[in-house]
Amino acid sequence: LALDELIANQISMLLIKSKISKVNTYKKPDVNKYILEKLYDVLPFSLTDNQNVVVKEILSDLHSNQTMIRMLQGDVGSGKTIVALISMLSAISDGSQSVLLVPTEILAIQHFNTINELLKPLDIEVCLLLGETKSGYSKKDRLTAIENISNGTIKIIIGTHALISKKVNYKNLSLAIIDEQHRFGVKQRVEITEKGINVNLLVMTATPIPRSLDLTAYGDMNISTITEKPKGRKPIKTYVLSQSKIGEV
């Protein structure tokens with residue numbers, strides 16, 4: 001029974017991989033090939049050696065003739081967001097679109113503010129797409145965002161599950177990044193890649209995953225790991241507070 005279960009699991013992983021992974025014969029035009037150089041020029045910090053290795057692995061996938069299915073793992077504060085941004089910029093250099101899918105509105109807003117600030121000097125507009133329930137995020141904002149995504153005006157989109165809504169259509173989606181991927185099911189992973197043709201997939205997690213679990217649960221992915229922290233980072237502090245302090249939080 002255990003062997004049967006294991007084989008069934010591996011077959012399901014291969015089915016997912018074959019559904020997502022496709023041979024990509026599309027040759028990327030260099031519409032904006034200097035986009036990454038411009039980003040590196042304005043970054044207020046340098047990448048670590050480890051980040052550079054991971055970036056190289058991802059960019060190699062993005063420019064290969066096979067669609068990417070890769071997991072990026074690294075502790076909180078190890079610098080996954082900047083690696084995601086570099087990946088997104090590389091993907092949109094041919095005029096296509098990239099999305100960053102996150103599980104909560106708070107995280108979506110946080111990523112939007114960070115990435116928006118970094119891209120201001122490059123004059124690249126970033127779009128935030130949240131669900132209909134978000135207060136302070138009007139129906140007009142949402143409809144404008146959906147329209148700009150559909151006509152291709154916006155190349156970088158950050159948002160929650162709203163990104164895989166049936167109402168949202170992309171002009172030319174080439175890269176989907178899922179943050180805190182353990183909060184999403186395999187179904188959402190497939191759904192986001194079906195929003196375009198030959199969509200590359202990068203999932204990110206701060207949960208350390210042993211090699212044995214890699215092979216069993218994530219057998220459909222290649223894995224990159226950030227092992228070193230950027231210099232000068234403030235230490236991560238974790239607090240436990242009682243329910244009575246929820247207002248303070």
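Thr160 counts as buried, with a relative accessibility of 7%, where buried means under 20% relative accessible area, exposed over 50% and partly exposed in between, for a 1.4 Å probe and protein chains only. This residue sits in the loop between S4 and S5; helices (H or I, at least four residues) and strands (E, at least two) are DSSP runs numbered from the N terminus. Leaving aside neighbours within four places in sequence, Thr160 is in contact (heavy atoms within 4.5 Å) with Leu101, Val102, Thr104, Glu105, Ala108, Leu129, Leu130 and Gly131.

The model is predicted, so that local features need pLDDT of at least 70 and side-chain atom pairs count only at pLDDT 80 or more, while totals for chains, interfaces and linings use all residues. Residues are numbered from 1 along each chain as its sequence is written, and side-chain values use heavy atoms, with hydrogens and water left out.

**Confidence**

The mean pLDDT of the protein, pLDDT being the predictor's confidence in each residue from 0 to 100, is 84, and 86% of the residues reach 70 or more. Confidence is highest in strand S2 (residues 97-101), at a mean of 96, and lowest in helix H8 (residues 211-217), at 63. Where pLDDT is low, the predicted coordinates should not be read in detail.

**Nonpolar cores**

A nonpolar core is a set of buried Ala, Val, Leu, Ile, Met, Phe, Trp, Tyr and Cys residues joined through side-chain atoms within 4.5 Å. The largest one has 41 residues, of which Leu85, Leu89 and Leu119 touch the most other members. Among the elements that give two or more residues to this core are helix H2 (35-42), helix H3 (49-62), helix H4 (80-92) and helix H5 (105-119), together with strands such as S3 (126-129) and S6 (200-205). The largest share, nine residues, comes from H4. Not counting residues up to four places away in sequence, Leu89 touches Ile35, Leu36, Leu39, Leu119, Leu122, Ile124 and Ile156. Apart from this core lies another, of 25 residues, including Ala145, Ile164, Val199 and Leu201.

**Salt bridges**

A search of the whole structure finds three salt bridges, each defined as a side-chain nitrogen of Lys or Arg within 4 Å of a carboxyl oxygen of Asp or Glu.

| Pair | Closest N and O atoms |
|---|---|
| Glu57 and Arg70 | 3.7 Å |
| Arg70 and Asp61 | 2.7 Å |
| Glu117 and Lys120 | 3.5 Å |

Glu57, Asp61 and Arg70 are linked in a network of salt bridges. Glu117 and Lys120, by contrast, are both exposed.

**A nonpolar surface patch**

On the surface, Leu3, Leu6, Ile7, Ile11 and Leu15 form a nonpolar patch with about 480 Å² of accessible area together, the areas coming from the Shrake-Rupley method with a 1.4 Å probe and, for residues, only the protein chains shown counting as cover. Patches are made of residues with over 30% relative accessible area and no salt bridge, like charges being joined within 9 Å and nonpolar side chains (Val, Leu, Ile, Met, Phe, Trp, Tyr) within 5 Å. Ile7 lies in helix H1 (residues 2-20) and is partly exposed, with a relative accessible area of 43%.
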